[in-house]
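User: Hey, could you walk me through this one? I'd like to go over the ligand and a few other spots.

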Amino acid sequence: MQYQRSSALFQAAKKVIPGGVNSPVRAFQSVGGDPIFIEKAKGAYLIDVDGNQLIDYISSWGPMILGHAKEAVIDAITTQAKKGTSYGIPTALETEIATLVVDLVPNIDKVRFVNSGTEACMSAVRLARGYTKREKIIKFAGCYHGHSDAFLIQAGSGAVTFGAPNSPGVTQGTAKDTLLANYNDLESVEAIFKDHPEAIAAIIIEPVAGNMGCIVPQEGFLEGLQSLCDQYGALLIFDEVMTGFRLALGGAQERLGINADIATFGKVIGGGLPVGAFAARKEIMQELAPEGPVYQAGTLSGNPLAMIAGLTTLSLLQEDKDLFHRLDGKTERLHQGMKTLIEAKGMPHQFNRLGSMLSLHFTETPVVDFKTAALGNNDHFKAYFHGMLDRGVYLPPSAFESYFINDALSQKDIDFTLDAFDSWLKSY
Ligand code: KE4
């Protein structure tokens with residue numbers, strides 16, 4: 001593959017955009033080389049500016065679960081755009097998608113739309129603090145809830161990729177209210193509650209972590225968090241920005257059969273346009289302005305284009321009763337195929353998977369938390385990433401990310417991916 005045009009565009013971008021990107025993980029800094037620039041995408045494929053066709057395993061980091069440029073979604077956006085792109089005035093569309101979300105997601109009565117997962121998680125924490133009248137929150141090392149100050153404490157995703165777990169600009173005043181526990185380690189959570197029995201407003205967690213690679217909650221872990229919250233009067237916030245409408249229509253709450261007090265969403269809920277959301281039972285959501293005193297707002301919240309993209313996407317997911325089964329099956333076939341090949345190579349590896357969330361870690365140690373995720377051999381990962389890219393497969397450019405399977409991926413694409421993996425293993 002040649003990437004001349006991408007490299008030239010990257011040089012130009014760096015002159016006017018910090019690091020040449022609008023989100024750090026896109027810059028390839030943890031895998032080296034220049035990022036590719038995309039011309040267009042359709043179904044399971046990306047076409048970069050040099051004309052290379054690539055099978056896409058990030059699906060825009062989750063939103064494009066139906067595949068790129070899904071006709072029904074594009075048509076709905078196009079029709080809506082002709083009516084105007086933003087009003088800052090209520091529309092029936094917002095009620096329609098809110099009604100669908102309340103129908104699909106367990107244990108919620110109301111939902112507020114925002115413009116990103118960060119905004120959803122940030123607002124959910126403010127709501128939990130307002131509702132409980134407490135100040136501290138517990139998060140988990142390696143979990144990523146967006147770039148709001150309170151979360152940039154041992155965050156995952158791009159933050160850890162940069163080895164900058166605590167970002168400059170986050171004040172001690174903020175950091176002191178974010179207490180850190182370890183994923184899959186209930187004792188680390190209990191210890192914090194014992195030290196601060198009446199100060200914790202909420203636990204926020206990715207119910208299936210996707211920002212340390214994929215990490216599956218161990219038996220009893222989430223249930224243990226739920227009972228600690230009940231015991232100490234804190235709220236349990238499930239950050240379902242990644243898992244929502246991906247693990248099941250009702251997200252991780254449905255898939256894992258466990259209820260949170262507040263759930264946050266992003267990615268799929270916007271169908272590729274900027275949408276985040278947070279939702280809870282009535283008694284919690286009524287604390288939110290203008291009904292209650294907890295303030296939260298947004299010029300483009302409930303934007304009609306974003307709403308129709310999300311509504312069309314969620315409706316298609318709801319209508320296609322076999323979709324999640326198909327997604328799981330495709331991910332299983334990819335997982336098993338890669339496992340067979342890397343076992344034959346005798347290379348240390350761990351595969352973590354739940355539903356259509358999958359990650360490969362180059363380590364012999366089971367990956368159950370941030371510490372074990374960090375043991376992965378990054379030299380192997382870099383070689384793997386570029387080896388697959390050169391063979392026409394676009395993977396997340398960081399070992400601390402999950403793969404996002406989309407419904408447009410065919411068996412032929414999976415076979416192509418396995419052939420590329422086999423070819424890379426033989427060359428490495
Ligand atoms: P956004 O603000 O990026 O829409 O959402 C933040 C967020 C919140 N919670 C979870 C569980 C998330 O995974 C994310 C964002 N995910 C990353 C990928 N791991 C976005 C990619 C990026 O930062 O460019």
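User: How far is a polar side-chain atom of Thr-118 from an oxygen atom of the ligand?

Analyst: That distance is 2.6 Å, within the cut-off for a polar contact (a pair of N or O atoms within 3.5 Å). Keep in mind that this is a predicted model, where local features need pLDDT of at least 70 and side-chain atom pairs count only at pLDDT 80 or more, while totals for chains, interfaces and linings use all residues. Residues are numbered from 1 along each chain as its sequence is written, and side-chain values use heavy atoms, with hydrogens and water left out.

User: How many residues surround it?

Analyst: There are 17, and the closest are Ser-23, Thr-118, Asn-211, Asp-239 and Glu-401. By type, the shell has 8 polar, 5 nonpolar and 4 charged residues; Asp, Glu, Lys and Arg are the charged ones, Ala, Val, Leu, Ile, Met, Phe, Trp, Tyr, Cys and Pro are nonpolar, and the others, Gly among them, are polar.

User: Why do you say the ligand lies between domains?

Analyst: Because domain 1 (4-69 + 322-427) and domain 2 (71-319) both give residues to its shell. The bounds come from an automatic or database domain assignment.

User: Switching topic: how many residues are in the largest nonpolar core?

Analyst: It has 112 residues, and Val-101, Phe-113, Phe-140, Phe-245, Leu-317 and Tyr-384 have the most contacts inside it. A core here is a set of buried Ala, Val, Leu, Ile, Met, Phe, Trp, Tyr and Cys residues joined through side-chain atoms within 4.5 Å, with buried meaning under 20% relative accessible area (1.4 Å probe, protein chains only).

User: Which helix gives the most to this core?

Analyst: Helix α11 (residues 304-319), with 8 residues. Domain 1 and domain 2 both give residues to this core, so it lies between them too.

User: Last one: is Thr-132 buried or exposed?

Analyst: Thr-132 is buried, with a relative accessible area of 16%. You'll find Thr-132 in helix α4 (residues 117-132); helices here are DSSP runs (H or I, at least four residues), numbered from the N terminus.

Conventions:
Near = heavy atom within 4 Å. Polar contact = N/O pair within 3.5 Å; in protein donor to acceptor, adjacent residues only side chain to side chain. Buried < 20%, exposed > 50% of the residue type's maximum accessible area, 1.4 Å probe, protein only. Helix = DSSP H or I, 4+ residues; strand = E, 2+ residues; numbered from the N terminus.
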